[in-house]
Structures are given as structure tokens and as C-alpha cells.
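Thanks for making the time this morning. I would like to walk you through one structure, so please have a look at it before I go on.

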Amino acid sequence: ASTLQVSTLGTVSCNFMFVGNSTNSVDGRLVIGGTEFGAAAIGGAVNASGGITLETAGSKLIFNTVDNRVFGSRISDIGSVEIKGTASVRLDNPGNNYTGATTVFSGILQAGNAGALSASSAFTVSSGARLDLFGYNNTIKSLSGAGIVENTDAGFSSDLTVGSGSFSGAIQNPGAAAVNLVKTSAGTLFLTGNGNSYTGTT
């Protein structure tokens with residue numbers, strides 16, 4: 001796979017960015033921070049005003065940072081998104097609609113808008129990692145893993161609509177603003193963890 005790594009003070013600004021090439025069946029990697037399989041590092045800035053297209057199923061947008069990141073470019077097509085490192089990554093664009101998987105290996109993935117979490121993506125939140133709804137309503141295709149799903153916003157509750165999955169982690173709202181869990185579609189959602197403490201509706 002071809003890789004573009006943007007770290008430290010690096011900046012990439014463009015209109016459209018294509019990761020991978022479907023015509024030639026070449027997968028791509030856009031890595032912000034450290035290397036794909038190495039240690040986390042300070043991330044650079046990527047600003048694609050027209051959006052980032054993950055053009056092949058094997059193409060990935062990877063965040064592996066030690067500093068908190070806000071990512072506003074729209075993410076589309078069939079590739080996947082991975083969150084690594086020790087910091088938080090906030091997805092702000094409400095038009096994100098990529099269909100590949102979203103895996104939070106470590107750190108925090110935070111919603112920065114309603115619809116910022118792709119409704120067409122299967123989400124996995126690994127043990128020790130967190131998915132923070134942050135007061136916004138979002139829909140995801142499925143939920144699995146053993147991490148934590150939470151709403152850390154102090155003022156606004158969050159609706160999380162899920163199609164299916166098997167989640168052994170905990171769903172919680174540490175503050176007064178609740179998490180409301182909504183089950184949709186014909187699939188089955190298994191909640192097997194014993195730490196669920198969210199106070200919203202189901």
C-alpha cells in the first residue's frame with residue numbers, strides 16, 4: 001500500500017484527496033501522527049475542502065497521535081478509519097458516509113456533530129478505548145468490542161442508534177446528560193457487558 005504520513009508541523013491542504021486507486025487496485029494509507037504500526041506522535045494538519053475519498057476497501061485513514069485532533073474534512077467511499085495513540089480525535093463533518101469499518105484501538109473517538117459518525121460503518125471500540133458521543137445524536141451500522149461508549153457533554157443528551165452487533169463493554173454517561181440507546185433494523189444487538197450504567201432510554 002502507498003502511504004502518506006503527516007506528522008509534527010506538516011500540513012497538507014487540497015480540494016479533493018483520494019486515498020488508494022480503484023482503477024489500479026492499489027490500497028492507500030493516510031496516516032496522521034505516528035506510523036501505522038509504530039509509536040504515536042504529534043499529528044500534522046490535513047485540510048481537504050472537498051473531502052477525503054477512501055477509494056478501495058483496503059484503504060485507511062489512520063490517526064495515531066499523542067495530541068488531541070479535530071478533523072473537519074468529509075470522509076467518503078469504501079475504506080476504513082482507525083483510531084490509535086493516546087489522544088482524542090474529534091470528527092466534525094456531518095456528511096461522513098464511508099462504508100468501511102471504524103476501529104477505535106486506543107484513545108478516544110469523539111463525535112463533533114450529529115451525523116459525524118458514519119451511519120454506514122461498523123464500529124468496534126476495543127478494551128481501554130472510548131467512543132464519546134459528546135451531546136450529539138448519531139447512527140452507526142453496528143457496535144462491537146469491549147471498550148466504553150459514553151456521553152461526556154454536560155448539557156445535552158445523545159441518541160445512539162445502532163443496527164446490530166455484540167458489545168461487551170460499557171455504555172455510560174458520567175455526567176447529567178444521558179445516553180439514549182436506539183435499536184433499529186432487523187439485526188440483533190447483544191449487550192453482554194456488566195458495566196452499563198447509562199441513564200437514558202432504551
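This is a predicted model: local features need pLDDT of at least 70, side-chain atom pairs count only at pLDDT 80 or more; totals for chains, interfaces and linings use all residues.

Strand β13, which covers residues 130-132, runs parallel to strand β15, residues 148-150, and three bridges join the two. If you look for one of the partners, Arg 130 has Ile 148 in β15 as its bridge partner.

Stepping back, these strands belong to an open sheet of six, with parallel pairing, and the order across that sheet is β6-β9-β11-β13-β15-β17. At the edges you find β6, residues 69-71, and β17, residues 170-172, each of which pairs on one side only. From one strand to the next, the twist averages 15°.

Is Lys 60 buried or exposed? Lys 60 counts as buried, because its relative accessibility is 18% and the cut-off for buried is under 20%. Leaving aside residues up to four places away in sequence, Lys 60 touches Val 19, Gly 28, Arg 29, Leu 30, Glu 36, Leu 54, Ser 80 and Glu 82.

Finally, the aromatic rings. The structure holds one aromatic pair, made by Phe 63 and Phe 71 in an edge-to-face arrangement, with 5.2 Å centre to centre and 80° between the planes. Phe 63 and Phe 71 are both buried. Another ring, that of Phe 105, has the charged end of Lys 84 sitting over it, 5.4 Å from the ring centre.

Note on methods:
Residues are numbered from 1 along each chain as its sequence is written. Side-chain values use heavy atoms; hydrogens and water are left out. Two strands pair if DSSP finds at least two bridges between them. Helices (H or I, at least four residues) and strands (E, at least two) are DSSP runs, numbered from the N terminus. Axes are lines fitted to C-alpha atoms, for helices over the stretch in contact, and angles run from 0 to 180 degrees between N-to-C directions. Buried means under 20% relative accessible area, exposed over 50%, partly exposed in between (1.4 Å probe, protein chains only). Contact means heavy atoms within 4.5 Å. Rings of Phe, Tyr and Trp (its six-membered ring) pair if their centres lie within 6.5 Å; planes under 30 degrees apart count as stacked, over 60 as edge-to-face and the rest as tilted. A charge sits over a ring if NZ of Lys or CZ of Arg is within 6 Å of the ring centre and within 35 degrees of the ring normal.
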